[in-house]
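Student: Please take me through this model and the terms used to describe it.

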Amino acid sequence: MSLLDEARDLAPDLTELRHALHREPEIGLDLPLTQAKILAALEGLGLEIRLGTALSSVTAVLRGGLPGPAVLLRGDMDALPVQEDTGVPYASVLDGRMHACGHDLHVTGLVGAARLLAAHRAELAGDVVLMFQPGEEGQGGAQIMIDEGVLDAAGERVVAAYALHVISLGAPTGFAATRPGPMLAASDAVSVTVRGRGGHGSSPHTAADPVPALCAMVTALQTAVTREIDVFDPAVVTVGMIEAGTAANVIPETARFAATVRSFSDASHAAVRAAFERTVHGVAAAHGVTAEIDYVEQYPPTVNDADEAAFALETARQVLGEGHVFEAPKPMAGAEDFSFVLRNVPGAFLGLGACPPGTDPALAPMNHSPQAVYDDGALPHAAALLAGLALRRLGTPLAAESAATPAPSPQE
């Protein structure tokens, strides 16, 4: 029996857990309901469990039957401040909260992996650290768990770390992908306040209008990115919010805009920040106003170790079937705080298709959408893939999945 066959036997229990998590989504670092469901699901597996102090994390260590190193598997737990609009029978019962990014599948997949690994404990030459992490959606929960010792929870530093992320579009259920090098972008949040001198809209020469200065900054930033950042090491600057004024005939004292900045290497990250700050201050000076910049570096790029990415691709082929795995041709501009883990230990981050049957993967609502729906059928794939990564990394040979049928290549 293959690992995926074993995981399919767990499907009813995994689906029940996933639906329970989805009905009661929690946001941020304090997730007591989610933590309780995880602890209940791990009962009887013989794990060494430690709870977080600065956040409601769960760290569980599964000891193998043979001596060897430790590896880490991560599943993020938190939801988003989104009002669900899916119509599924297990929809969120908490207003303004939804597992719109599929973290309920990540938690469930990691629980499934724990059960599979416990069944193969005697074959494990080493230990597995199971990292159930709150606060991925902007609160940096991974770094907090690192500070609390998750990487050394088995008694020694883990030698490799793996995580996966389900995607609601672009790939059918059960297709997996990763790549060496950058997999996801760094993410920065920037807020700029432009200060001028207010006045009457009929007499702009008596004021110092921050509005045209702000508009010039927005367009100049786009030019700076295209002229100063290497096209083969790109960056993205998107201004998503602008605020200014209270009436058509009033020149406001201040104007404000907020942007997200994405980059894929430390070099482009430093270059785009320098260009951003210089451009904003230069335009402000040219318009006779001032600018205050609040530049918050949130997550670094998620960079896969080349050897671990190759290992993850081969493991996925053995677990899911040759025709269900491909090397991603390019990184995505989303961001992930698993990046902090990969800055400390080698590892790989993978994508896993979870588009429901009957839905065109090219047109399905994307992660974070109020209409995003994920296929329960992806749960055995997630559990088997995570467990396979740990088993194979600790020296256990896998029985390849032979029942997977070839399918057309998924959309990029």
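Tutor: Strand β3 (residues 66-76) and β5 pair in the parallel sense, over four bridges. This is a predicted model: local features need pLDDT of at least 70, side-chain atom pairs count only at pLDDT 80 or more, and totals for chains, interfaces and linings use all residues. Residues are numbered from 1 along each chain as its sequence is written, and side-chain values use heavy atoms, with hydrogens and water left out.

Student: Why do β3 and β5 count as a pair?

Tutor: Two strands pair if DSSP finds at least two bridges between them. In β5, Ala 163 is the bridge partner of Arg 74. Strands are themselves DSSP runs (E, at least two residues), as are helices (H or I, at least four), numbered from the N terminus.

Student: How many bridges join β6 to β16?

Tutor: Two bridges join these strands, which run antiparallel; Ala 177 has Gly 351 as its bridge partner in β16. β16 also pairs with β5, in the parallel sense and over eight bridges. There, Tyr 162 is the bridge partner of Ala 348, and Leu 164 stands opposite Leu 350.

Student: What makes strand β16 largely enclosed?

Tutor: Buried means under 20% relative accessible area, exposed means over 50%, and partly exposed lies in between (1.4 Å probe, protein chains only). Nine of the nine residues of β16 (residues 347-355) are buried, so the strand is largely enclosed by the rest of the structure. Both faces are covered, with Phe 349 among the buried residues on one side and Leu 352 among those on the other. In β5, ten of 13 residues are buried, and the strand is mostly covered.

Student: How do you know whether Thr 178 is buried or exposed?

Tutor: Its relative accessibility is 0%, so Thr 178 counts as buried. This residue lies in strand β6 (residues 176-178). For comparison of terms, Leu 51 in strand β1 (residues 48-51) has a relative accessible area of 39%, so this residue is partly exposed.

Student: What joins the side chains of Thr 178 and Asn 304?

Tutor: A polar contact of 2.8 Å joins them. The term covers a pair of N or O atoms within 3.5 Å; within protein, one must be able to donate a hydrogen and the other to accept it, and residues adjacent in sequence count only if both atoms are side-chain atoms. The side chain of Thr 178 also reaches the backbone oxygen of Phe 349, at 2.6 Å. Beyond neighbours within four places in sequence, Thr 178 is in contact (heavy atoms within 4.5 Å) with residues including Met 183, Leu 313 and Phe 326.

Student: How many aromatic pairs does the structure hold?

Tutor: It holds four. The rings of Tyr 162 and Phe 311 have centres 5.9 Å apart and planes at 35 degrees, so this pair is tilted. Tyr 162 is in strand β5 (residues 160-172) and Phe 311 in helix α8 (residues 306-320), 149 residues apart. Tyr 162 is buried at 0% relative accessible area, and Phe 311 is buried at 15%.

Student: Why is the pair of Phe 276 and Tyr 295 called what it is?

Tutor: Rings of Phe, Tyr and Trp (its six-membered ring) pair if their centres lie within 6.5 Å; planes under 30 degrees apart count as stacked, over 60 as edge-to-face and the rest as tilted. Here the centres are 5.9 Å apart and the planes stand at 85 degrees, so the pair is edge-to-face. It links Phe 276 in helix α7 with Tyr 295 in strand β13, 19 residues apart. Both Phe 276 and Tyr 295 are buried.

Student: In what order do the four strands of the open sheet lie?

Tutor: The order is β10-β12-β8-β13, with antiparallel pairing.

Student: What makes β10 and β13 edge strands?

Tutor: β10 (235-244) and β13 (290-299) each pair on one side only. Between neighbouring strands of this sheet the average turn is 15 degrees, direction ignored. Helix α7 (residues 266-286) packs on the sheet, touching β8, β10, β12 and β13, and its direction makes about 165 degrees with that of β13. Such axes are lines fitted to C-alpha atoms, for helices over the stretch in contact, and angles run from 0 to 180 degrees between N-to-C directions.
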